[in-house]
Amino acid sequence: MLRILDKVADRATSLSAILGTLGLIAEVVVILIDVIGRYFGSPLRGAQDVTQMAMVVLVFGGMALCDRQGGHIAVDLFERSFPRWLVRLTDILAAALGALVFGLIAWNMWKAAGLSQMLNLSTNIIGLPKDWFQFFVVACSVITTFGMTLRAVSLSLGAPTKWERHAS
C-alpha cells in the first residue's frame, strides 16, 4: 500500500514541479521582455503582476519536490551524537509538523480563494484573478502535505532516515 501511495506522491510531486518550472520560465521571459522594453522606452505593462503570480507558482510548485528530495533547510549539528531513536523521532516529528503547516496553509488559502472569488479580487495592473493562484497554492500545499504525511508514516514504520541513508 505504501508503494502505491509513494508512486502517487511521486507523480503529484512531478506535476507540481513541472508547473513550478513553467512559472519560472514565465517569470524569466516576462522580466527579459520588460528589461528590453525599458531599454527602448516601453516597459511591459503588467510585468509586476505576472512576476508576482509566477513567483507564487514557482515557490509552491517546487515545495513538494524540495521535501521529497530532502532539500529543506536542516541543522544537523548533533545528529551524529544523538541515539538513532531520537534522530528517527525528530525526523518523524519534523515531517508531521511540516504536514500540519502545509495543511493549514491549504485550509487558509482555500478560505482566502473563496473570498477572492466572491469579491472578484484581481491583481492591480492587468487584473489577473487572484483566486486561480490561490487555488494553485491549495493544490500544491495538499500535495506537499500528502508527501510529508507519507514520509512521517514511512519513517514510523521503519524506513531509513536521511542520516541512516548517508551512513551506509
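1. Glu27, in this predicted model, touches Thr51, Ala54, Met55 and Leu58 once residues up to four places away in sequence are set aside. Glu27 itself lies in helix α1, and although Glu27 is buried, it has no salt bridge. The nearest side chain of opposite charge is that of Arg38, 13 Å away, which cannot count as a salt bridge because the nitrogen and the carboxyl oxygen would have to come within 4 Å.

2. Arg38 is instead paired with Asp34, in a salt bridge whose closest N and O atoms are 3.0 Å apart. Both residues lie in helix α1, four residues apart, or about one turn of the helix.

3. The structure holds four salt bridges, and one of them joins the side chains of Arg68 and Asp6, at 2.7 Å from N to O. This pair links distant parts of the chain, with Arg68 in helix α2 (residues 47-68) and Asp6 in helix α1, 62 residues apart. Arg68 is partly exposed at 28% relative accessibility, and Asp6 is likewise partly exposed, at 32%.

4. Asp67 forms a salt bridge with Arg151, the closest N and O atoms being 2.5 Å apart. Here too distant parts of the chain are linked, since Asp67 belongs to helix α2 and Arg151 to helix α4, 84 residues apart. Asp67 counts as buried because its relative accessibility is 5%, while Arg151, at 30%, counts as partly exposed. As for shared partners, salt bridges join Asp6, Asp10 and Arg68 into one network.

5. Cys140 is found in helix α4 (residues 130-156) and, with a relative accessibility of 3%, is counted as buried. Leaving aside neighbours within four places in sequence, Cys140 is in contact with Ser16, Phe60 and Gly61. Cys140 and Ala12 are 128 residues apart in sequence, yet their C-alpha atoms are 8.8 Å apart in space.

6. On the surface, a nonpolar patch is formed by Leu15, Ile18, Leu19, Leu22, Ile25, Val29, Ile33 and Leu44, which together have about 680 Å² of accessible area. Val29, one of these residues, is found in helix α1 (residues 2-39).

Terms used
Residues numbered from 1 in each chain as written. Predicted model: local features only at pLDDT ≥ 70, side-chain atom pairs only at ≥ 80, totals over all residues. Heavy atoms only, no water. Patch = residues over 30% accessible without salt bridge, like charges linked within 9 Å, V, L, I, M, F, W, Y side chains within 5 Å. Areas by Shrake-Rupley, 256 points an atom, 1.4 Å probe, with all protein chains shown as cover. Helix = DSSP H or I, 4+ residues; strand = E, 2+ residues; numbered from the N terminus. Buried < 20%, exposed > 50% of the residue type's maximum accessible area, 1.4 Å probe, protein only. Contact = heavy atoms within 4.5 Å. Lys, Arg positive; Asp, Glu negative; His and termini not counted.
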